[in-house]
Amino acid sequence: MTKPPRKPSKPLLGEADALLRSRPRRRRDPAQPNLPLDPMPDRIEPCLALLKARPPKGDDWVYEIKWDGYRLTVHVEPKGIRILTRGGHDWTDRFPAIKQGALWLPVGTAILDGEAVVLDEKGRSDFGLLQQSLGGRGGKKSSSDAIFMAIDLLYFDGHDLRNSELSMRRHLLEDLVPAGGEGDIRLSEEIEADGDQLLASACELGLEGIIAKRRSAPYRSGRLGDWVKVKCVQSDGFAIVGYEKSTASFGGIGRLLLAARKGDELVYVGGVGTGFNERSAAELREQMDKLIIAKPAVDTGRKRNAVFIRPELVAEIEYRAWTHDGKLRHASYKGLREVQDNAAVYEIE
């Protein structure tokens, strides 16, 4: 998948056989100040999108597709490339194709914000395929199938861009990662469209949703509302507190028992029995059977053939709505979230 950069379209000017000579360097005028350079941050906490039911309106908002993968920052440094997860873990060796793509970027120093994804045959990001390419949850495999969708530029050739407006950062990012590329580092392109119409189109195409960003906003770490996400289907992390056995299901898992966080406690929010395949169910069963406990961590009500586990695994669950008694409706299992990806349990307000 990795492709070298294109060769320059114009030859170097000058006679081909002429001897190249450098000009003698003049002493710097001490009256002329040096151009100040910003120190390169070792790590930057990501800007997180605030979940909303509808896209925001107004000329100050621009839209992108929402990618379903692992949030990463790619650091192009004088000593080499570093690829960090949202939680600050170094995963450089797990994304060799992205690392090679970063080495070919035409820049001395940079920090790119983005998402590692694996695309399906229709060009949609698939979190399950990404996890499989990395060897499943807790796996140590390297993924050559993952590509990096660049969504922002935080540092560029000695200058910290976080206080600059999004429009400025995007201008520099598009020069660094041109639109329409097919390499291992690609641009997450801005889309000029009405937010509601774009969301409808994204949902029709089976995408996860859209992201809206405020053009005039600086880059601020945390979930402060400068970025907004709108999902076609709701998807959140829930703690697995047990499972019901079944001889007719993959991995012997009839249904996962799930919990959300409410204050300092976990509360039962129902179960999920779909979304597994033979491989994912076997991997999940192996993980769960290491965590078996005698008594449930939360009150799940009376369950037949239930096995309870310590609530250490966080499952990504798609669902359509909540029932009146606080249970998930039409839930489907997507995969296990990694600790390195800041796996968070859904909080009930």
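The largest cavity is lined by Arg43, Ile44, Pro46, Arg71, Leu72, Thr73, Leu84, Thr85, Arg86 and Asp113. A cavity is a set of points on a 1 Å grid over the protein atoms alone where a 1.4 Å probe fits but cannot get out, and lining residues have an atom within 4 Å of a point. Two elements, β3 (70-77) and β4 (80-85), each give two or more residues to this lining, and β3 provides the largest share, 3 residues. Strands are DSSP runs of E with at least two residues, helices are runs of H or I with at least four, and both are numbered from the N terminus.

This is a predicted model, in which local features need pLDDT of at least 70, side-chain atom pairs count only at pLDDT 80 or more, and totals for chains, interfaces and linings use all residues. Residues are numbered from 1 along each chain as its sequence is written, and side-chain values use heavy atoms, with hydrogens and water left out.

The largest cavity holds about 70 Å³ of space, a volume being the space filled by probe spheres set on the points, which are joined across faces, edges and corners.

Arg337 is found in the segment after β19 (332-336). A polar atom of the Arg337 side chain lies 3.5 Å from the backbone oxygen of Gly69.

Lys290, in the loop between α5 (278-288) and β14 (292-293), is exposed because its relative accessibility is 56%.

Note on methods
On a 1 Å grid over the protein atoms alone, a cavity is a set of points where a 1.4 Å probe fits but cannot get out, and a pocket is an open set with protein on both sides within 12 Å along at least five of seven lines; lining residues have an atom within 4 Å of a point. A polar contact is a pair of N or O atoms within 3.5 Å; within protein, one must be able to donate a hydrogen and the other to accept it, and residues adjacent in sequence count only if both atoms are side-chain atoms. Buried means under 20% relative accessible area, exposed over 50%, partly exposed in between (1.4 Å probe, protein chains only).
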